[in-house]
Amino acid sequence: MTQQLRADGGLRHLITLDGLPRPLIERLLDHAQRYVRPLGEKPPASQALAGRTVANLFTEPSTRTRVSFELAAKRLGADVVNLEVQLSSRVKGESMLDTVYTLQSVHVDVMVIRDAETGVHGTVAAHVAPHVSILSAGESHVAHPTQGLLDALTVRQHKGRFDNLAIAIVGDIRHSRVARSAYHVFSALGVPDLRIVAPRALMPEPEEFGGCTRHTTLDGGLKDADVVMMLRIQKERMAQADLPDADGYFANYGLTAQRLAAARPDAIVMHPQPMNRGIEIASDVADGPRSAIRDQVRNGVAVRMAVLAEVIASRGAS
Ligand code: NCD
């Protein structure tokens, strides 16, 4: 796997949370927390990235992740370029590496990449110049590291600590990069009771998610949970024939207020969005008092600011 850390332990690339040292994760969360402001106040502004350029290179759809990376870079004083995939040369057959070399040649320092293909981020990171950082904004079903960090920050804000928590990750675990990054970050932070809840067809392979308990019923998986993390069914990563029937899925795995009663009374509900209301989650739960879903979005900008600042700072004085 591509080396994400510099020789001195500083963060150079962020492609996966798998294997990232706990002190580095905690430092990123602490740093991100300093960028969180109550809504209505001016967002934080810094010049930590003044004179630097960040490129967003998204070949899969994105709303929150793209907007929050762009705002994060701008709030740190960077120049930002957004590559529209439909307009870029990739559709003419130019490889991702050629696109990346082009961006490198015009002084882009950080490339934020979302791609449906496994391994693209690692390949690119292995080829860019030493001063360039690659940040994953989502890699196939494999990893979504800044989502994992923002999920951890959200849980920490609500629960204060990790070492006494039961966290249930519910839904299409098999195809979810959000679930994998959540698993990596919560394992690193010492969550003692991590559960995955899914119908058999959407469970990951047995060798994945080691240390998690597996539940095929929602009531069993949610029992006394502190955090309930719902996932979207990844239709785009499934054959049409494998798609679960929406009504049947909601009846068995949809989070309703009644179902949530199995969790602890102070349990929070999370979802990375986009949400399929009425399929994996009922609207009154998504918008209800226990929902931390909008906090996740707010925290996304703060986490991305922390990661951008960290990779630029790790370059030293260059
Ligand atoms: C997720 C993604 O793209 O992986 N969205 C996001 O970044 N918040 C989740 C999803 O698409 O289901």
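Here is a chat about the pocket and the salt bridges of a predicted model.

Colleague: Hi! What kind of model is this, and which pLDDT limits apply?
Modeller: It is a predicted model, where local features need pLDDT of at least 70, side-chain atom pairs count only at pLDDT 80 or more, and totals for chains, interfaces and linings use all residues. Residues are numbered from 1 along each chain as its sequence is written, and side-chain values use heavy atoms, with hydrogens and water left out.

Colleague: Thanks. What volume does the largest pocket have?
Modeller: About 450 Å³. A pocket here is an open set of points on a 1 Å grid over the protein atoms alone, where a 1.4 Å probe fits, with protein on both sides within 12 Å along at least five of seven lines. The volume is the space filled by probe spheres set on the points, which are joined across faces, edges and corners.

Colleague: And how many residues line the largest pocket?
Modeller: The lining has 28 residues, each with an atom within 4 Å of a point. Thr 65, Arg 114, Arg 177, Gln 273 and Pro 274 lie nearest the centre. By type, the lining divides into 8 nonpolar, 12 polar and 8 charged residues; Asp, Glu, Lys and Arg count as charged, Ala, Val, Leu, Ile, Met, Phe, Trp, Tyr, Cys and Pro as nonpolar, and the others, Gly among them, as polar.

Colleague: Which helix gives the largest share of that lining?
Modeller: Helix 11, with 5 residues. Helices are DSSP runs of H or I with at least four residues, strands are E runs of at least two, and both are numbered from the N terminus.

Colleague: New topic: how many salt bridges are there in the whole structure?
Modeller: The search finds 21, each being a side-chain nitrogen of Lys or Arg within 4 Å of a carboxyl oxygen of Asp or Glu. One of them joins Arg 177 and Glu 60 at 2.8 Å, N to O. Arg 177 lies in helix 6 and Glu 60 in the loop between strand 1 (53-58) and helix 2, so the pair ties together parts that are 117 residues apart in sequence.

Colleague: Are Arg 177 and Glu 60 buried or exposed?
Modeller: Both are buried, meaning under 20% relative accessible area; exposed is over 50% and partly exposed in between, with a 1.4 Å probe and protein chains only. Arg 177 and Glu 60 also belong to a salt-bridge network with Arg 232, Glu 236 and Arg 237.

Colleague: What about Glu 70, which partner does it have?
Modeller: Arg 66, with the closest N and O atoms 3.2 Å apart. Both lie in helix 2, 4 residues apart, about one turn of the helix. Glu 70 counts as buried at 16% relative accessibility, while Arg 66 is partly exposed at 25%.
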